[in-house]
Amino acid sequence: MLSGLLAPKELDKLAPTLPAVLSDALKKSDERQAAISGGDASLEAAHRAHRAMVDALGEARKGDLQAFVRSQLGKLLKEFSTHLKDAEGSLKDIEAKAAERALWIPNMPHESVPVGADASGNVEVRRSGEPPVYSFTPKNHWEIAEALGIIDFERAAKISGARFVANVGLGARLERALLNFMLDLHVRDHGYTEIFPPFIVNTESMTGTGQFPKFADDQFKIEGLEMHLVPTAEVPITNLHRDEILPGEALPVAYVAYSACFRKEAGAAGKDTRGLMRLHQFNKVELVNFTAPEQSYDALERLTASAEEVLKRLGLPYRVVELCTGDLGFAAAKTYDIELWFPAQEVYREVSSCSNYEDFQARRASIRFREGEKVKPRLVHTLNGSGLAVGRTLAAILENYQQPDGTVRVPEALVPAMGVEVIRPPGAPA
RNA sequence: GGAGAGAUGGCCGAGUGGUCGAAGGCGGCGGUCUUGAAAACCGUUAGGCGAAAGCCUCGGGGGUUCGAAUCCCUCUCUCUCCGCCA
């Protein structure tokens, strides 16, 4: 893994966008190449010479040479191979350091991405559904959930801490219904293959998708082990094909996976402290694609549409926003955020982030494909997007489907799984 | 958790210090033969860097040696037996 990070051509391409220190180092890739395989003084030439001598000694080993000659040759070779190993060693060190640094270089935005400094530069692409009009003041989802007794914030804080919740009764059932609804939709109607992944992954996987090393502080690590709770199913699913060469005809590969997601939310102190918007543990259904480079932008549109379809069928108002360069994530080349309408605060909030990573993750995780017999393997493009975050979707349902009497209507698509059409407070007549 | 055995090319499998990037088989691809196919026979069939020559890679890392797939250490993973367990 990671060897591809050093591909000189790619690094040269990146050089102009990098800090001076790095780009200087990269400009020397020609010199580096020359030192390795250039002329008579190169490392390869030394290997060649060494091997020839070793072979010659081996040839002579059984007899004809005088012991004296052999011992002299042996001494010379000893010295030679010591120097050779030193040279190899320093090259390895240098390359390891370069690879280490390369892990901190973000992806480059696609040329279609709007330029902007921060979230204010994002561009709304489309809207679907109308925000409902209320004859009363709509409540926040946590107020509704508490009144209905379907989410227990206090006891969750007791048993785990802040930013944890426990769903109760129809609240638990709604979580499960949503989850199944999303998975079924993507499997049946969108042709995805369902994966149920591990929720704990190793450090290589975290590095492969780009969480490490830069975002290590936001991940839960298992004490004493190089293992981490997944922040999203993207990590185990994308790494499914780490260090693999996929047959060209297998592409595009499309996986959908449920996982619990664990995030420290370090640096989010004070933000979204109430409700379901920002938790240390939440449920999410994730869509992941592996495609040929030529297909990845079409795939991004399809993937985003698949995620949107969930909201359409649930009758929730949303908009799609294209992130500008300043708001784009570390690993993404292009991202569409899908934002749900939350009537109590009268804002759109993110419920899905659909990104094309191009070959950023493929390079880190060494995920390639081969189109024909004699063709060299090429890096795939990877994409993923939430399809969707379950907790936030549940929150949006509570707010958008709330009624004056405090009850919440169940979206039609979920009625079969819920077994009721309306969620009522405990003890209320049906 | 304890005891032991392993990890070799797409797969199976030989190789226990020297010319081995690696026998043989299977599978794949190409060809001969055939009306066509099968069988048989011949050839071919890993990855990285490189324009090429070539160099590197036998799970990962380190060591011994003039020389390591082969010996030593370590890590990871797999299997068998015991223990434990949903």
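In this predicted model, 4 bridges join β7 to β13, and the two strands run parallel. β13 (367-370) also supplies at least two residues of the surface near RNA strand B.

- β7, β13 and β14 form an open sheet of 3 strands, in the order β7-β13-β14.
- The pairing in this sheet is mixed.
- β7 (244-247) and β14 (378-379) stand at the edges. Each has a single partner strand, so one side of each is left without a neighbour in the sheet.
- Glu244 stands opposite Ile367 in β13.
- In general, strands of a sheet pair through backbone hydrogen bonds, either parallel or antiparallel.

**The surface near RNA strand B**

- RNA strand B is surrounded by 23 residues.
- The closest of these are Arg48, Arg51, Glu59, Lys85 and Arg370.
- By class, the surface has 10 charged, 7 polar and 6 nonpolar residues.
- α4 gives the most to this surface, with 9 residues.
- α3 (29-37), α4 (43-60), α5 (67-102) and β13 (367-370) each supply at least two residues.
- Sugar or phosphate accounts for 61% of the RNA atoms within 4 Å of the protein. The rest belong to bases.

- Lys85 reaches a base: an N or O atom in the Lys85 side chain is 2.4 Å from a base oxygen of RNA strand B.

**The largest pocket**

- The largest pocket has a volume of about 1500 Å³.
- Its lining comprises 45 residues.
- Arg263, Gly329, Asp337, Glu350 and Ser353 lie nearest the pocket centre.
- The lining divides into 16 nonpolar, 15 polar and 14 charged residues.
- β12 provides the largest share of the lining, 7 residues.
- β9 (281-291), β11 (334-342), β12 (347-356), β15 (381-389) and α13 (390-400) each supply at least two lining residues.

Note on methods
Residues are numbered from 1 along each chain as its sequence is written. Chains are lettered from A and ligands numbered from 1 in the order in which they are written. This is a predicted model: local features need pLDDT of at least 70, side-chain atom pairs count only at pLDDT 80 or more; totals for chains, interfaces and linings use all residues. Side-chain values use heavy atoms; hydrogens and water are left out. A residue is near a molecule or strand if one of its heavy atoms lies within 4 Å of it. A polar contact is a pair of N or O atoms within 3.5 Å; within protein, one must be able to donate a hydrogen and the other to accept it, and residues adjacent in sequence count only if both atoms are side-chain atoms. Ala, Val, Leu, Ile, Met, Phe, Trp, Tyr, Cys and Pro count as nonpolar, Asp, Glu, Lys and Arg as charged, and the others, Gly among them, as polar. On a 1 Å grid over the protein atoms alone, a cavity is a set of points where a 1.4 Å probe fits but cannot get out, and a pocket is an open set with protein on both sides within 12 Å along at least five of seven lines; lining residues have an atom within 4 Å of a point. Grid points are joined across faces, edges and corners, and a volume is the space filled by probe spheres set on the points. Two strands pair if DSSP finds at least two bridges between them.
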